[in-house]
Structure formats: C-alpha cells, structure tokens
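The following exercises are to be worked with the sequence and the coordinates at hand. Each task is followed by a solution in steps.

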Amino acid sequence: MSETLLSIEDLVVEFRQGRKTRVHAVDGVSLTVAAGEFVALVGESGCGKTTTAQTAMRMVEATSGTIRYRDRDITHASQREMRPVRREMQIIFQDPYESLDPRFRVKDIVAEPLQIHGIGDREARVGAALERAGLTPADLYMERYPHELSGGQRQRVSIAAALALEPTMLLADEPVSMLDVSVRAGILGLLDELRQSGLGILMITHDLSTAAHYADRICVMYLGRIVEEGPASEVIRNPQHPYTKALVSVVPQPDPELTMQPQILQGETPNPTDVPSGCRFHPRCPVATAACSSEDPQLRAAGSDGHRAACILL
Ligand SMILES: Nc1ncnc2c1ncn2[C@@H]1O[C@H](COP(=O)(O)OP(=O)(O)OP(=O)(O)O)[C@@H](O)[C@H]1O
Ligand code: SF4
Ligand SMILES: [Mg+2]
C-alpha cells in the first residue's frame, strides 16, 4: 500500500452571508489521496469542490472536521507549522492567464516559491522544473513573459512553479477547463506522468469523461457531500447513485454496450443556503420515494474495492 498523503475526515465548511444566511458549501466530506494515486473530485458548479481543496490547503478555514497531511493533523496548524506542508502540497489553478504575474519572466515566476522558502541553487531547480513540466529545452522559455506563451504553455509554467519545490502532492482545480481543447490532453497527460513518478494528484473537474480517462478513483460530489466514490472504472461502468447515473448517461461511451439513455435532471439546481431535508438529492431524483425526504443516507458499500454510494435504495 502506498502512503496516504492527504486525509480529510468529515469536513464541514460554512460561509456566512449577511447576518442570517449560512452557505453549507461542504457538509461532511471525507476523502484520501495516496502517493502515486490520481483522484478526481467531480460534480456540478457550486457543489463545493474548490472549497474542499482550498480548505485542505488551509486557504479557507474548516468549520469542523479534520485535515491530515501524512501523519500530521493540520486542521488548526499555524502559518509557521504550515510552511513545510505547503512545500509538499501545491495547488494549480484553473486560469493560467490570471495565475501568472504578467510583469515577471518565466524564470522569476518559477523561482518565486524557491525564494519564499529560502531554497538555493535556484537556476538549476527552475530549469529542472520547466523540463519536468514539458517545457524543453528550458532555456527557450526562461526569459519569456507570460504574454509570449500559449495557454497550454502558461499552464505548464504554473505546474513548473508548483514542481520547483518538489512537492509530494498536487491539487489541480479544473486545470484544463480554460484551455483550448487541442492542448488539454497534453496537460492531463503531464499530470498522469507526475502521478506515475509518485506524486498524489487530486483533480477537480466537472467533466466526468476526463475523470474516467485519467483517475484511479472518482468521488462524485453533490451539494456539499460525496454521494458516490470508488475505482474510476467501477463508478463509470456500474454507477449506483441516481445522480451518478444521470452524469454517466450523458458521457459518450466508447463501448456501445454501455451506452445509456441520456437522462436530463429535472428540478432546480441545488442551493447550499437551503439544503433539502432527508436525501439532499430528493427534489431532483427520478426514483425518489416518500422516505427520501426524511432519511439522510450515508455512504455504504455498493460493490468491491471501496465502491460506495449514499442512497437508501442500496
Ligand atoms: N467565500 C465565500 N463566501 C460565501 N459563499 C461562498 C464562498 N466561497 C464559496 N461559496 C459558495 O459555496 C458553494 C461552493 O462553492 P465552490 O466554489 O466550492 O464550488 P465548486 O464546486 O468549486 O463550483 P465551480 O465548479 O463553479 O467552481 C457555492 O454556493 C459558492 O457560492
Ligand atoms: S435516497 Fe432517495 S432521493 Fe436520494 S438518491 Fe436514493 S432514491 Fe434518490
Ligand atoms: Mg470551483
């Protein structure tokens, strides 16, 4: 078994909106990412994916629950205690146009985290990180400014900046959704190579087909909760939760035998300031029963290898 890197237990994150309203962005999420494992967190807009990742990085405070990195409980770690953890756990953002400072050259962007952490031998490390991120030869890119790069190259620079510190884990929040379709596979392939070299990867995406292609494990999130999780192939071939079934039904399948009738979800998109009683999916669930509006189902085994889903019909 590979070492567990990130371990989140029963994470709750609430935001206050005005004096009375509470946004239940994350409402009891548990997940783990091991070294060499590629985990995809999938779900529609607003379900709490980014909040989960940012809370794991301690960029957002947890309301309750526990966050561990390796053996350390970092839920309430101070900024100083977080420093070594930040070296190990790096985040890559969605928009490479926003995340790179246009005033800096590539070599300075990639060197910045090294500078912050007081690490020497920067030029060699920057060169190695650029090459690892697929920008070869590194010399060709060092002196350039972000506006002299394509979108895909910019995202590779962001990844190089994350790799400069030689992290053990990457959190990638929709790393390709702002990129041209033609360069997406290259970036995802790079993340896959990094996983093979032993990094843990937690990728956030709303695109189940990308998750199916690259992830070892998929966690499906709905309105602040994980409603299904398991090996990627199991979740895609044999979805158990009605929400996952609806998501899978609109993913193009290479195997015609697996093609399902497309299922378009009815009902209002969920609102985290007003979470439905019982099963939070019940207002939109095509197979809901009377019990679903009062019983709140927990994740339970729905197959082998840790395949679990939260539905009272299981
Ligand atoms: N700082 C904040 N204050 C108040 N509400 C917030 C804050 N950050 C996020 N939210 C709300 O929490 C919920 C979850 O947001 P989050 O950004 O985690 O979703 P997401 O799954 O990443 O969505 P997307 O796919 O659109 O990026 C949303 O309803 C969002 O509006
Ligand atoms: S518990 Fe009920 S509403 Fe929820 S997913 Fe299962 S059948 Fe649907
Ligand atoms: Mg997000």
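Predicted model: local features only at pLDDT ≥ 70, side-chain atom pairs only at ≥ 80, totals over all residues.

**Exercise 1. The shell around the ligand**

Determine which element supplies the largest share of the shell around ligand 1, and classify the shell residues.

Solution. 

Step 1. List the surroundings: among them are Phe15, Val23, Ala25, Glu44, Lys49 and Pro272.

Step 2. Assign elements. Strand E2 (21–34) and helix H1 (49–56) each contribute at least two residues, and the largest share, 3 residues, belongs to H1.

Step 3. Sort by class: the shell holds 5 nonpolar, 5 polar and 2 charged residues.

**Exercise 2. Backbone geometry**

Locate the cis peptide bond and examine phi at Asp10 and Arg58.

Solution. 

Step 1. The cis bond joins Thr136 and Pro137, with omega about -15°. Pro137 belongs to the loop between helix H5 (122–132) and helix H6 (139–142).

Step 2. Asp10, which is not a glycine, has a positive phi near 50°; this residue is part of strand E1 (residues 4–17).

Step 3. Arg58, also not a glycine, has a positive phi of about 65°. Arg58 is in the loop between H1 and strand E4 (64–69). Its relative accessible area is 12%, under the 20% limit, so Arg58 counts as buried.

**Exercise 3. Aromatic rings**

How many aromatic pairs are there, and why is the pair of Tyr243 and Phe281 edge-to-face?

Solution. 

Step 1. With ring centres required to lie within 6.5 Å, the count is 3 aromatic pairs.

Step 2. The ring centres of Tyr243 and Phe281 are 5.4 Å apart and the planes meet at 65°, which is over 60, so the pair is edge-to-face.

Step 3. Tyr243 sits in helix H11 (residues 242–249) and Phe281 in the loop between H11 and strand E11 (300–301), so the pair ties together parts 38 residues apart in sequence.

Step 4. Tyr243 is buried, at 1% relative accessible area, and Phe281 is buried at 1% as well. Ring pairs link Tyr222, Tyr243 and Phe281 into a cluster.

Terms used
Residues numbered from 1 in each chain as written. Chains lettered and ligands numbered in written order. Heavy atoms only, no water. Near = heavy atom within 4 Å. Helix = DSSP H or I, 4+ residues; strand = E, 2+ residues; numbered from the N terminus. Nonpolar A, V, L, I, M, F, W, Y, C, P; charged D, E, K, R; others polar. Buried < 20%, exposed > 50% of the residue type's maximum accessible area, 1.4 Å probe, protein only. Phe/Tyr/Trp six-rings, centres within 6.5 Å; stacked < 30°, edge-to-face > 60°.
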